[in-house]
Amino acid sequence: MPLEERNAIARYSVDMVHAVLRAGMRAAPQVLFVGASGNEGKTVAQSNPATRLDLPNFVLVDALDRAGNKASFSNDGLEVTFYANGWRVPSRLRGGVLGYGTGTSLAAPVVANAAAKMLAVNPRHR
């Protein structure tokens, strides 16, 4: 298949996934969706346009390094809502083994965890 045709199929797929995600998130305004900005050290617009969702129930998270600074690998942009630890985040792996991952995908659950704890303490703050 020619490159141009493959690119068109890929663009169509990304656009369709983005549209379905956006519709699903709009249909569930009571749910908080938390996304990771990505780890390419670019802007979100350059690297991961599928996470550009301007919705009141969606937050995008960047990673902080061990010094509390924005991690050099984190994508950045106006879409980013929160920053959280993304450096050697403790997590359980298969079999219960403790692992230490790094990246925005590790920072996003830190924010989701904080939001869940806040709602557990005061469920009226939605």
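Biologist: What makes two strands in this predicted model count as paired?

Modeller: Two strands pair if DSSP finds at least two bridges between them. Four bridges join S1 to S2, so these strands meet the requirement of at least two and are paired. They run parallel.

Biologist: Why are S1 and S3 called edge strands?

Modeller: Strand S1 (33-36) and strand S3 (82-85) each pair on one side only. The open sheet has three strands in the order S1-S2-S3, with parallel pairing. From one strand to the next, the twist averages 40°.

Biologist: Where does H3 lie in relation to these strands?

Modeller: H3 lies across S1, S2 and S3, and its direction is at about 125° to S2.

Biologist: Why is the set containing Val-61 and Phe-73 called a nonpolar core?

Modeller: A nonpolar core requires buried residues of types such as Ala, Val and Phe, joined through side-chain atoms within 4.5 Å; buried means under 20% relative accessible area. The largest such core has nine residues, including Val-59, Val-61, Phe-73, Ala-84 and Val-111, so each of these is buried by that cut-off. Strand S2 (58-64) and helix H3 (104-121) each supply at least two residues of this core. A second, separate core has seven residues, among them Val-44, Leu-53, Phe-58 and Val-80.

Biologist: Which residues does Val-61 touch, not counting those up to four places away in sequence?

Modeller: Among them are Val-34, Ala-36, Phe-82, Ala-84, Ala-107, Ala-108 and Val-111. In soluble globular proteins, nonpolar side chains tend to be buried together.

Terms used: Residues are numbered from 1 along each chain as its sequence is written. This is a predicted model: local features need pLDDT of at least 70, side-chain atom pairs count only at pLDDT 80 or more; totals for chains, interfaces and linings use all residues. Side-chain values use heavy atoms; hydrogens and water are left out. Buried means under 20% relative accessible area, exposed over 50%, partly exposed in between (1.4 Å probe, protein chains only). Contact means heavy atoms within 4.5 Å. Axes are lines fitted to C-alpha atoms, for helices over the stretch in contact, and angles run from 0 to 180 degrees between N-to-C directions.
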